[in-house]
Amino acid sequence: MRRAAGRSRGLCKGSDEVCGAGIISLLADQGVSRWLDGAEWQEPNPRRLARLVDDGLINGLALGPEPLTRSLVRRARGAWPSGVPAAVRPARPVRPVCEAGPAAEALLAAEGRRACDVLLPVHERTGGRDGHVTLEVGPVADTATALRLWRAVDRPNALVGLPAGPEGLAAAADCLAEGAGVDIGPVLSPAHYGEAAGAWLDGLRRAHRAGRDLTAVRAVVSVPLAPVDAAFDERLRRSASEAARMMRGEAALASARLVFHCHEQLLAGPEWRELAALGARPHRVRWTDTAVRAPGRPGTRYVDELVVRGAITTLSPATLEAVAERGNPRGDAVTGRGRAAARVLDSLEILGARYARTTRDLAAGAAHARTARWQALLTAVSDR
């Protein structure tokens, strides 16, 4: 890794602000990869990404439709001076939203290629371990759509982001069988992780039977944090007990640690050892939604408290700034904490915050949000 000399000019904002980068380097030394959450960018910016990569701050990117939508909307609004009434502007042809899919997909593929090219040196230098770009597939996340996007990007460090529902998992297995890298998520519980891992193992076995090089087939399982705490805290607030108040803000870390415990068990088991002997590489767990929303909690909590070698932490520009300035990673905070995490989830059950029901509602909400993100992009493309 090319390390910044303790400081880096304008981590994310493109300004002359000077921010500390030593803590980011410490995360790297502790084996944590840092991906930028591209959803928080106002619009895609390969130059800024290149600066973050060159400074050793970021070695991956998650890119969805949001920055593309904002960019299109901004350009449409800026096409005419604000003082020109809409009534006197010539009408632009508007394509139906239902026909905007190919154009939206092409925009995402083009941005994906640019981002992959920025991160390709990292990918090559780390033997394919880092330097990836996840591109969210949508609005229909099936096998054909995912493979079409992956082939359109045509870069070895591209991953297609697929939902962790039944259809998305089936598509993920199909993509892996074809040699395409995948990012499966959001994964919201240990049971949900088991389903995602099952799809991953199935895809690798099929890839091997097809004669593919398993060393080149990469996968990530994405685990959100802030939405988990928000959902459980909402249920805990229905209780006036002191025990319920004390448990607020504990669900996300416990759930994430238990998922990682399952991940470690999987990689110690016979199914994985058989594939590893054939050259397969383990998938990686990626923490997402790491911006702390709860008042009174440190803004870097999800980053500091989920340090574990091999994991990926996804940082919004604001969270990256916060971590660089006041993060406090203190080494491995995950390994060996599976039992303690299970006790936290048991306590939540006793207090009325039902784990299975809450995570099921979260999955439904994530699917709805995914549809809304893509609908916004399709609308912006149709109005272009």
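Modeller: Q375 lies in helix α15 (residues 355-382), where helices (H or I, at least four residues) and strands (E, at least two) are DSSP runs, numbered from the N terminus. The model is a predicted one, in which local features need pLDDT of at least 70 and side-chain atom pairs count only at pLDDT 80 or more, while totals for chains, interfaces and linings use all residues. Residues are numbered from 1 along each chain as its sequence is written, and side-chain values use heavy atoms, with hydrogens and water left out.

Biologist: Is Q375 buried, exposed or partly exposed, and how far is Q375 from P139 in sequence and in space?

Modeller: Burial is read from relative accessible area: buried means under 20%, exposed over 50%, and partly exposed in between, with a 1.4 Å probe and protein chains only. Q375 has a relative accessible area of 40%, and is therefore partly exposed. Q375 and P139 are separated by 236 residues in sequence, yet their C-alpha atoms are 7.5 Å apart in space.

Biologist: How should I read the strands, and in what order do the 8 strands of the barrel close?

Modeller: Two strands pair if DSSP finds at least two bridges between them. Here 8 strands close into a barrel with parallel pairing, in the order β3-β4-β5-β6-β7-β8-β9-β10. From one strand to the next the twist averages 25°, the axes being lines fitted to C-alpha atoms (for helices over the stretch in contact) and the angles running from 0 to 180 degrees between N-to-C directions. Strand β3 (residues 33-37) pairs with strand β10 (residues 312-315) in the parallel sense over 4 bridges, and S33 has I312 as its bridge partner in β10.

Biologist: Which side chains of β6 lie on one side and which on the other?

Modeller: In a regular strand the side chains alternate between the two faces of the sheet. In strand β6 (residues 158-162), 5 of the 5 residues are buried, with A158, V160 and L162 on one side and L159 and G161 on the other. Strand β5 (residues 132-136) runs parallel to β6 and is joined to it by 4 bridges, and L135 has V160 as its bridge partner in β6.

Biologist: Why is β9 described as largely enclosed by the rest of the structure?

Modeller: The description holds because 5 of the 5 residues of β9 are buried. R284, R286 and T288 point one way, V285 and W287 the other way, and all are buried. Strand β8 (residues 219-224) pairs with β9 in the parallel sense over 5 bridges, with P224 opposite T288. On to β10, which runs parallel to β9, there are 2 bridges, and T313 is the bridge partner of W287.

Biologist: How many aromatic pairs does the structure hold, and why is the pair of F260 and W287 called tilted?

Modeller: A pair of aromatic rings is described by the distance of the centres and the angle of the planes. Rings of Phe, Tyr and Trp (its six-membered ring) pair if their centres lie within 6.5 Å, and planes under 30 degrees apart count as stacked, over 60 as edge-to-face and the rest as tilted. The structure holds 3 aromatic pairs. In the pair of F260 and W287 the ring centres are 6.1 Å apart and the planes stand at 45°, so the pair is tilted. The pair links distant parts of the chain, 27 residues apart, with F260 in helix α10 (residues 251-267) and W287 in strand β9 (residues 284-288). F260 is buried, with a relative accessible area of 5%, and W287 is buried, with a relative accessible area of 1%.

Biologist: What volume does the largest cavity have, and which residues line the second largest cavity?

Modeller: Rolling a probe the size of a water molecule over the atoms shows where empty space is left. A cavity is a set of points, on a 1 Å grid over the protein atoms alone, where a 1.4 Å probe fits but cannot get out, and lining residues have an atom within 4 Å of a point. Grid points are joined across faces, edges and corners, and a volume is the space filled by probe spheres set on the points. The whole structure has 2 cavities of 30 Å³ or more, and the largest cavity has a volume of about 80 Å³. The second largest cavity holds about 30 Å³ and is lined by E105, L108, E136, V137, G138, T145, L149 and W374.

Terms used
On a 1 Å grid over the protein atoms alone, a cavity is a set of points where a 1.4 Å probe fits but cannot get out, and a pocket is an open set with protein on both sides within 12 Å along at least five of seven lines; lining residues have an atom within 4 Å of a point.
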